[in-house]
Amino acid sequence: MVAQNVFFGIIALIMIYSALKVVTTKNVVHAALWLVALLAGVAGQFLLLGAEFVGVTQILVYIGAVVVLLLFGVMLTKASLGDEADLNMPNKTIPAVIATLMFGVMSYALIDTFRDAELPRESVTNAAAVSDSIFADYIVPFEAVSVLLLAALIGAVVVARKE
Amino acid sequence: MLLVQFLLLSSLLFCIGIYGVLARKNGVMVLMSIELILNAVNINLVAFGTMTSNIAGEVFALFVIAIAAAEVGVGLAIVLLIFRNKNSVDLSSIDSMKG
């Protein structure tokens with residue numbers, strides 16, 4: 001239990017630092033690379049929670065595909081590879097106030113409600129249980145997601161192609 | 001481990017993502033901030049799934065990951081289209097529907 005808490009703290013600190021870097025850095029490519037650190041941290045938290053299949057999927061889909069897609073977006077929109085001055089809205093105070101207020105309200109409500117909720121000790125779920133659930137209880141949403149991915153693929157090609 | 005530590009971490013990530021969506025001007029950077037928000041939601045889903053020993057939390061996290069992949073694909077296509085038409089991805093310059 002102590003080791004898990006120590007690793008939670010280390011990974012959480014890395015995640016918070018990378019998340020702040022993603023939204024504050026002046027370099028688009030650096031932001032994408034900080035996003036990799038953040039997504040790897042999220043995968044680590046999934047593993048700590050015993051959700052091994054979700055953690056591996058997180059690494060495959062996010063770090064393997066989404067970040068590459070974002071870097072393609074950076075490349076194709078001809079963002080300069082160095083620092084860019086014109087990346088933020090002129091007024092950053094209002095977004096900061098909104099985010100701080102939201103975090104204050106949410107953390108108050110969460111601590112008030114779940115103060116003593118302890119996670120179960122042995123809770124590793126294997127991939128077989130996840131696949132049993134997907135292909136038995138959630139087969140209709142699964143097929144819907146398949147169709148959605150196809151529609152998104154065709155839609156992206158139609159939107160982005162030249163006339 | 002306490003449940004609330006995961007919930008606080010995910011709400012902090014969510015709020016940082018909200019800040020990114022509101023404060024960034026580059027379209028690709030806004031998409032990155034949206035990824036942050038979706039990941040915060042995923043941590044919440046998996047944490048509650050573990051808490052209640054229910055596999056549904058993990059299944060829904062997988063669905064969210066799949067939909068996030070679709071979302072970023074379509075989003076980048078839209079950003080590319082904006083770039084082709086306006087030669088910039090500055091979101092504050094897109095105001096042709098402003099009343």
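**Entry 1: the chains**

I counted helices as DSSP runs of H or I with at least four residues, and strands as runs of E with at least two. By that count chain A has six helices and zero strands. I read the order along the sequence of chain A as α-α-α-α-α-α. The model I am looking at is predicted.

I then checked how spread out chain A is. Its radius of gyration is 20 Å, well over the 15 Å that the globule rule gives for 163 residues, so chain A is more spread out than a compact globule. I boxed its C-alpha atoms along the principal axes and got roughly 50 × 40 × 25 Å.

Chain B came next. I found three helices and zero strands there, in the pattern α-α-α. The radius of gyration of chain B is 17 Å, well over the 13 Å from the globule rule for 99 residues, so chain B is also more spread out than a compact globule. The C-alpha box of chain B is roughly 50 × 25 × 20 Å along the principal axes.

**Entry 2: domains of chain A**

I looked up the domain assignment of chain A. It gives domain 1 as 1-82 and domain 2 as 126-163. I noted 23 Å between the C-alpha centres of domain 1 and domain 2 of chain A.

**Entry 3: helix 1 against helix 2 in chain A**

I took helix 1 (residues 2-24) and helix 2 (residues 28-48) of chain A as a pair. Their axes come within 8 Å and cross at roughly 155°. That makes helix 1 of chain A roughly antiparallel to helix 2 of chain A, because angles over 145 degrees count as such. The crossing of these two helices is left-handed.

I listed the residues that meet. On helix 1 of chain A they include Phe7(A), Phe8(A), Ile11(A) and Met15(A). On helix 2 of chain A they include Trp34(A), Leu35(A), Leu38(A) and Val42(A). By class this contact has 14 nonpolar, five polar and one charged residues.

**Entry 4: chain A against chain B**

I counted 75 residues of chain A in contact with 61 residues of chain B. Helices 1 to 6 of chain A each supply at least two residues to the side that touches chain B. Helix 3 of chain A gives the most, with 12 residues. I sorted the chain A side by class: 57 nonpolar, 14 polar and four charged.

**Entry 5: helix 3 of chain A and its partners in chain B**

I followed helix 3 (52-76) of chain A across to chain B.

My next partner was helix 3 (residues 56-86) of chain B. Its axis and that of helix 3 of chain A come within 10 Å and cross at roughly 5°. These two helices are therefore roughly parallel to each other. The contact includes Phe53(A), Val61(A), Leu69(A) and Leu76(A) from chain A, with Leu62(B), Ile65(B), Val72(B) and Leu80(B) from chain B. By class I count 17 nonpolar, four polar and one charged.

Conventions
Residues numbered from 1 in each chain as written. Chains lettered and ligands numbered in written order. Predicted model: local features only at pLDDT ≥ 70, side-chain atom pairs only at ≥ 80, totals over all residues. Axes fitted to C-alpha atoms, helices over the stretch in contact; angles between N-to-C directions. Parallel < 35°, antiparallel > 145°, perpendicular 65-115°, else oblique. Left-handed = near helix turned anticlockwise from the far one by under 90°. Contact = placed C-beta atoms within 7 Å. Nonpolar A, V, L, I, M, F, W, Y, C, P; charged D, E, K, R; others polar. Domains from an automatic or database assignment. Rg over C-alpha atoms; globule rule 2.2 N^0.38 Å.
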